[in-house]
Amino acid sequence: MTKDSEQLSLLNAQAEADNTPVVCLGMTFANEEARRNYFREELRKKLPELKQIEGFPIGEDEDIIALSDPPYYTACPNPWINELTKSNSSDLKKVGPYVSDISIGKSGAIYNAHSYHTKVPHKAIMKYILHYTNPGDTVIDVFSGTGMTGVAGYMCGDKKEVESLGFHVDENNIISSEEGIYKLGKRNVILNDLSPTAALISSNYNRSINKKIFEDEARNIINDLSGNLDRFFKTKDILNGKEIEGEINYAVWSDDFECSECGIDFNFFDVAVDRDEKKVENEFNCPSCQAILTKRKIKPLLIKEYDNILGSIVEKVSQKLVLINYTYNGKRYDKVPDQSDLKLIKEIENIEWSFEIPTDRMIDGDESRRNDKIGLTHTHHFFTKRNMLTISYILEKVKDSEYKSLYLGILRSSLSYSTKMVKVNISRLLTDGGLFSFGAVTGTLYVPSVNGERPITSAFKSKLESVIKTIPNFNENIITNQSSVDLKNIASDSIDYIFIDPPFGANLMYSELNFIWESFMKIYTDNKTEAIVNNTQKKNLFDYENLMNGALNELYRILKPERWITIEFSNSQASVWNSIQNALQKAGFVIANVAALDKQQGSFKAVTSTTAVKQDLVISAYKPSEENLHKMREQTNTSDSAWTFVNQHLEKLPVFSGSKGEASVIPERTPRTLFDRMVAYHVQNGLPVPISSAEFQIGVSQRFPMRDGMAFLESQVADYDKKRTLVKEFSQMSLFVSDENSAIEWIRQQLMKKPQTRQDLHPQFMKEIQHIAKHEQLPELDDLLVQNFLRYEGEETVPDQIGSYLRRNYHDFRGLENTDDKLKDKAMNRWYVPDPNKQADLDKLREKTLLREFESYVEELNTHKKKLKQFRTEAIRAGFKKAWSEKNYEKIVTVGDRLPESVIQEDDKLLMYYDNAQVRLGM
């Protein structure tokens, strides 16, 4: 075997049949089973060392080994990652952030094959991977969920799939698109998740199997299920005077309640559902005392009964079977459950069962203990008895299969409509019926009062058939199961690109939501380092940020210099967004673009305001070169370090942003944002801030070509000018005015478009400031104008900013010089955006005003122990910046502790100074 062909076999050698020799990591095995057995024994030897890695799952060694398919997939930290990726290397691909529109629906056979709490379509991820990488590059996703990043990496080598994105692929495998030129070819992907459930699903999406063997085995299991368990889901009825037996499609169960007035019990479905109107009444009468009741006024009826699975008496909510839908001779029918149905339920309750039934107590948690009050305390309580026995039967039948993990994934997906958490749409149920009347309640373990029961047998068979048809024949990606805060089994500077869709604050409690399923796997999430906000786990927003920072520190370490990380973000809280941004910058990454994803249009808009978190965000950041960081350390205390950063940063930014004949501002290229990024980078890397805002404003305009208020490198500006001439319109950034800084930026935009008087500006301004934060002491419009802008008062030549606007928009002024009296009269009292030199003077004066204001707050805080209720956030920012430059970290922390906690959490600049000052003080 040649060296090239041997390397090709390292990651993806797959036997066509069980007796075909396979090559893996340079070793030849008689067949796949031999390969699997060898590496499982090697995994067994490595387990003691692997258990020292954070996030090692909770479970018995034998269960972990049995589920693993090493070296590709291990249900624990994967010790072979470096060996599997060491031959993958490529040259740096020099690109800016991906800023093109994304419009990918959440559908498709692959996407729907396995369910999970959150999922990004693989076609969306393909666009990022194609943009940032070359074929053979190594990509990692450490919050991999279902493993869609792995699917995307493989599909980058599939011509048909790439063309489905609207791209053209030529005979040389060169991909052409509006976004750029790419190369067709598979990318190698490492998939990690803290959750054993997620790692298992990832393995099922990213493995090669012998389809024929799997299909034959699956058919046997389906036949076995039908022969032994279909009897659980039969019902008898009378049709046309004849007794028949039908197959149950679904059943509906309803809770019993107690009347708050007379104490009598009744069934919710029987009393609250109006069958004629086909709806649930908001108010209904007690069937005994006729009192007017609502759902809030009544309480569940709890009964005590013997749980023969636990072998003890339990207290749980009383339920009644209220409706059955079945099929007979190809037709569907509804029936009210009768004695034969209740008899069958009773028989199943008392059946002697020889297979193991999972009975774990639900773990402590914000979400996982929500059903204790209705008696659902153990995993088996979330299923009807017949569905629980069916699950037990399937687990027994697949436990020794070569494809155990795949069957487990299929079974898990089958549970979506087969637990007591399935909500029933009463109106649809009584109008049209069918399975569309049911919905899985996602992101929670909530159990509704009226829930649906779908036979797990039919759900499993249906899902199995679907997977048989759609299972991808992928070469092996690498799956590891561990915490993202500890990636010591991955070499430094070994990864070419990172794509992550991490957990966001308190959005989803993954380990709790996965617990029922993990009790079936017998492998559980070690949630100590789970990056969430959770009261039970005693994790607040700062803990979340610290955990994310730990993960991002590791990602920074393993990413090659000058490569990119993409973070997809979806959270409605500005505080969580700031935690992510702060953690990202603290790790050393530099943010190059933040774009809001318009879900309706599939388009991105660049954003600067934290209020944009009401939309999905995509954050693009890069790891700076070691050479530049070393140079900046040598340039400490000189302005050169600022310009070293800006040169590097401008090189990484998109040159042009726009579409459909319209150009738009690139926020990262504006002097204010460049200054903020420069300051943040210096602070996060422990370097002194080398230059003031005023000096920076002058320096930017002197050192770099400026276009439309944006800075460019000399090598970039010609490209921008060329593209700018091709568009007719130029749009400003969309702003939400919430504080002084955004108010100033809003005024700047208005005056850039049209220099105008205070009287013209005031009515618009008053409309914009309706949503100012409660704590924000916003200066009057007159003060904001005086401190940040200039007014023409007729004594000198009309400034070009006003003159060019008047000549462009008024026919009478065309051709007039700036010294013309007619032009001067029209320009009188108009406010305008100053040029950089005058802007620098204004910035100096404004900074003095802000610092005086800050010192007044410090004096006020010295007189009492209360928190500041109202203040100028800009003054606090200026004071923190000065204190940082003076290394007065205690001052920052002292003032920060007296601000409302929400203000610190929701302001990225204050959070940066406060957080780093605490670190410097050892807090």
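The following legends describe close-up views of a predicted model.

Local features are described at pLDDT of at least 70 and side-chain atom pairs only at pLDDT 80 or more, whereas totals for chains, interfaces and linings use all residues. Residues are numbered from 1 along each chain as its sequence is written, and side-chain values use heavy atoms, with hydrogens and water left out.

**View A. Packing of helix 24 against helix 31.** Helix 24 (residues 693–703) and helix 31 (residues 836–863) pack with their axes 8 Å apart and at an angle of about 170°. Helices (H or I, at least four residues) and strands (E, at least two) are DSSP runs, numbered from the N terminus. Axes are lines fitted to C-alpha atoms, for helices over the stretch in contact, and angles run from 0 to 180 degrees between N-to-C directions. The two helices, helix 24 and helix 31, are therefore roughly antiparallel to each other (angles over 145 degrees). Helix 24 contributes S693, A694, Q697, I698 and S701 to the contact, and helix 31 contributes P836, N837, Q839, A840, D843 and K844 (contact means heavy atoms within 4.5 Å).

View B. Strand 5 pairs with strand 6 (residues 174–176) over 2 bridges; two strands pair if DSSP finds at least two bridges between them. The bridge partner of H168 is S176 in strand 6.

**View C. The hairpin of strands 17 and 18.** Strand 17 (residues 302–307) and strand 18 (residues 312–317) pair in the antiparallel sense over 6 bridges. Within strand 18, V314 stands opposite E305. The hairpin has 4 residues between its strands, and G311 in the turn has a positive phi of about 75°.

**View D. Cysteines C24 and C286.** The structure holds 0 disulfides, a disulfide being a pair of cysteine sulfur atoms within 2.5 Å. The closest cysteine sulfur to that of C24 is in C76, 16 Å away and too far for a bond. C286 is likewise in no disulfide, and the nearest cysteine sulfur, that of C259, is 3.6 Å away. C24 counts as buried at 1% relative accessibility, and C286 counts as buried at 0%. Buried means under 20% relative accessible area, exposed over 50%, and partly exposed in between (1.4 Å probe, protein chains only).

**View E. The covered helix 6.** Of the 11 residues in helix 6 (residues 122–132), 10 are buried. Among them are H122, K127 and H131, together with I125, M126 and L130.

View F. A cis peptide bond with omega of about 5° joins P70 and P71. D493, a residue other than glycine, has a positive phi near 50°.

How values were computed
Angles under 35 degrees count as roughly parallel, over 145 as roughly antiparallel, 65 to 115 as roughly perpendicular and the rest as oblique.
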